[in-house]
Amino acid sequence: MEERTGGIPWKGILRGTMVVSFFCLSPGTIPILGSIIGIFTPIATLFYLVKLGWGYGLAVLGIALVFSIFLWPLFGSGSEYFFVEILILGPVLFSFLKRGFSITKTVGYATGLLLLLLSAYLILWGIKTGYNPYQAVVSEINRGMESSLRFYEPLNLPKTTVGAMRDALQDIKILVARLWPGFAAASLLVLVWMNVWLGDRILERYGLVNFQFGDLSQWSLPDVLVWLVILGAGLALLPYPGPQTVGTNLLIFFAMAYLFQGLAIVSFYLKKYGFSRFKRILLYSLIWIQTYMIIIVALVGLFDIWADFRRLKKAAD
């Protein structure tokens, strides 16, 4: 934390309030890019918690929240969960940082907490409105996809093209109805990982206390988790819709988790063979853009359990 000789750090509080408020308010005030900026709000709160400590850092977060409440109507439905998420995640990450948790525990516990909050939010929302929360989420997603399709109608596209898009939309709706829990969990995992990874580098750059995760190119998931992947695959192969849906959702979540392990392996070899920063960024961009590359890297991460591509287990023995 920042060294202080005494007194209230007004300058830091004012600056922190402006920065955190900017991140909090961006989804409701900046078109398109605002949503992207908003998901990094926990980095801003983590930064000022590390810089100012618990008391003044939480004061910064509280003042930013007050500003956000005044502009609440700009954010639309679901904003309550967004605010709880950004309120919770920054302090939670700071707590984990102080405890010296590994990246596996930090990301795993934080993702689990956000999943619990999402479940609680949906249940409470269902009780309040009287709707089935699962079906309500599906309806909301379907409404969004219908809006996207209506966007193309004024473009005077051929009727066959519009018909094909509408048929494809129906197929996507069926998949979304079954698989949105897995995609939601995977999205939260990515959200937490990006905030932790990027936040750690920003703290290090500014000379503040950071997570001390060590060399992430040597990181791997605990081997025992592979049994959940095997369980998911087994359920997905059963000829019953219920177990199939549960199994497929498990596979979606762990595909994302093992993608990160695959990226660690890619990073290991890029460092080993001295690839420049530009070439690394180019390769990582290609991985994220190309769907088949994502699948390959995730499979590399999964089979690392047995293949030990980096020879880390052999070295440990």
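Buried here means under 20% relative accessible area, and by that cut-off 39% of the 317 residues in the protein chain are buried. Keep in mind that this is a predicted model.

View 1. Along the principal axes, its C-alpha atoms fill a box of roughly 70 × 60 × 40 Å. A compact globule with 317 residues would have a radius of gyration near 20 Å, and the 22 Å of the protein chain agrees with that. Take contacts between residues at least 6 apart in sequence: 71% of them join residues at least 24 apart. The accessible surface comes to about 18300 Å², and carbon and sulfur atoms account for 69% of it.

**View 2. Confidence along the chain.** Mean pLDDT is 86 for the protein chain, with 91% of its residues at 70 or more. Helix α8 (residues 226–237) has the highest confidence, at 96, while helix α6 (residues 133–152) has the lowest, at a mean of 71. A friendly reminder for anyone zooming in: where pLDDT is low, the predicted coordinates should not be read in detail.

**View 3. Helix α5 and its buried residues.** Helix α5 covers residues 103–129. Its 27 residues should span 39 Å at 1.5 Å a residue, and the end C-alpha atoms lie 38 Å apart, which agrees. The buried residues of α5 include Ile 103, Thr 106, Val 107, Ala 110 and Thr 111. Further along, Leu 114, Leu 118, Leu 122 and Gly 126 are buried too. Just after α5 comes Gly 130, with a positive phi of about 85 degrees.

**View 4. Gln 212, a residue with positive phi in a loop.** Look for Gln 212 in the loop between α7 (159–205) and α8. Although Gln 212 is not a glycine, its phi is positive, at about 60 degrees. Gln 212 counts as exposed because its relative accessibility is 64%, and the cut-off for exposed is over 50%.

**View 5. Asp 308, in the loop between α11 and α12.** Here the loop joins α11 (291–307) and α12 (312–316), and Asp 308 is found in it. Asp 308 has a positive phi of about 50 degrees, again without being a glycine. With 11% relative accessibility, Asp 308 counts as buried.

Note on methods:
Residues numbered from 1 in each chain as written. Predicted model: local features only at pLDDT ≥ 70, side-chain atom pairs only at ≥ 80, totals over all residues. Heavy atoms only, no water. pLDDT = per-residue confidence, 0-100. Helix = DSSP H or I, 4+ residues; strand = E, 2+ residues; numbered from the N terminus. Expected span 1.5 Å × (residues − 1). Buried < 20%, exposed > 50% of the residue type's maximum accessible area, 1.4 Å probe, protein only. Rg over C-alpha atoms; globule rule 2.2 N^0.38 Å. Contact = heavy atoms within 4.5 Å. Areas by Shrake-Rupley, 256 points an atom, 1.4 Å probe, with all protein chains shown as cover.
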